[in-house]
Amino acid sequence: MGKASKDKRDIYYRKAKEEGWRARSAFKLIQIDDVFNIFEGVKHVVDLCAAPGSWSQVLSRKLYLPAVAKAEQIQQDDLPKIVAVDLQPMAPIEGVIQIQGDITREATAAEVISYFGGEPADLVVSDGAPDVTGMHDMDEFVQAQLILAALVIVTHVLRPHGTFIAKVFRGKEVDLLYSQLKVFFTDVTIAKPKSSRNSSVESFVVCQNFSPPEGFRPDQLRDLLESGSQEAYEAGISPIIPFVACGDLSGWDADQSYDLPAEGYVRAASTLEGVKRAAPPPAITLTDKALAHLRRLQSDSGGSQLLLRIGVKS
Ligand code: SAM
């Protein structure tokens, strides 16, 4: 099956179209919020590596648009401020200030900071991913560099006790990264949203309660990371980081393909019917005979993906 048709069977891809999100990634941030309540009391946010913009849309819909709806007279200064950065340009989103730039460059960090006019951010999110080379160690390294670049910005803009969320690739060096994050945050948790495929090495670090070491200055960041956490890591003192699965575990599964509605996919806000039709299939128990038959079919198919359509008699 080609990639396009597989994508259309992906329930989060279809839900994203139905709900007007630019990417299925929106559900990852929403499911992280369901567990960690990351938007409570938040007025200033930085969205790093934001294109095409589904996380910025979530921020706009959860923070900016409700504030505009509530305000009797709109005072720009009182509204939530959302600053989004990416190498790529992205289409405008209401209430989101966009910067096109590289987050690993100091000039970009300075520009982000300038938009907050001296006021700190409550939340920094980063969904950064490099162009994947397929060389796992290299991809993990570049990903870790992106998180460190995000951390530089965090140390400049985040308020004490603020929250930082970043995508990580679980690999050999991930313990070092957790040790580095623990230098700055008292609570670090790994989150795996239901909308993130189990087959993907991606997960998210949710770093809460920003508490940099006393007397810390952002220009000391690299030295600090290279000394303290590296030594602890090399001495085998790796922190124990809790792992949390986010999202309704009995609900939609990102690793499953769901049947398309008979007449194909319909993009509309009013496709409630379509949503109903695409409900997850009920669990069924196969008899030994049926199982043997399926195994035979699978081996006949030469290991290629086997799609089943099962009629259930009531
Ligand atoms: N959160 C986004 C959304 O919901 O639409 C999706 C982000 S996408 C998975 C990863 C993004 O990281 C890409 O748009 C890419 O351009 C961006 N990126 C990678 N390296 C970057 C860098 N050094 N500076 C800024 N953006 C970067």
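Leaving aside its neighbours within four places in sequence, with which residues is Trp55 in contact? Select Trp55 first: its contacts (C-beta atoms, placed from the backbone, within 7 Å) are Ser25, Ala26, Leu29, Asp47, Ala50, Val125 and Asp127. The model on display is predicted; local features need pLDDT of at least 70, side-chain atom pairs count only at pLDDT 80 or more, and totals for chains, interfaces and linings use all residues. Residues are numbered from 1 along each chain as its sequence is written.

Trp55 belongs to helix α4; helices (H or I, at least four residues) and strands (E, at least two) are DSSP runs, numbered from the N terminus. Trp55 has 28 other C-beta atoms within 10 Å and is therefore buried. The term buried requires 20 or more other C-beta atoms within 10 Å of the residue's own, exposed means 12 or fewer, and partly exposed lies in between. In an unreviewed UniProt entry, the annotation "binding site" covers Trp55 together with Gly53, Asp86, Asp102 and Asp127. UniProt annotations may be inferred rather than shown by experiment.

**Asp102**

Select Asp102 next, in the loop between β3 (96–100) and α5 (106–114). Asp102 counts as partly exposed because it has 13 C-beta neighbours inside 10 Å. Beyond residues up to four places away in sequence, Asp102 touches Leu87 and Thr108.

**Lys167**

Move to strand β5 (residues 158–169), where Lys167 is found. The UniProt annotation "active site", again from an unreviewed entry, covers Lys167. Lys167 is buried because 21 other C-beta atoms lie within 10 Å. Not counting residues up to four places away in sequence, Lys167 touches Ser126, Asp127, Gly128, Ala129, Glu202 and Phe204.

**Helix α2**

Finally, select helix α2 (residues 11–19), whose buried residues are Ile11, Tyr12, Arg14 and Ala16. Gly20 follows α2 and has a positive phi, near 80°.

Note on methods: Two residues are in contact if their C-beta atoms, placed from the backbone, lie within 7 Å.
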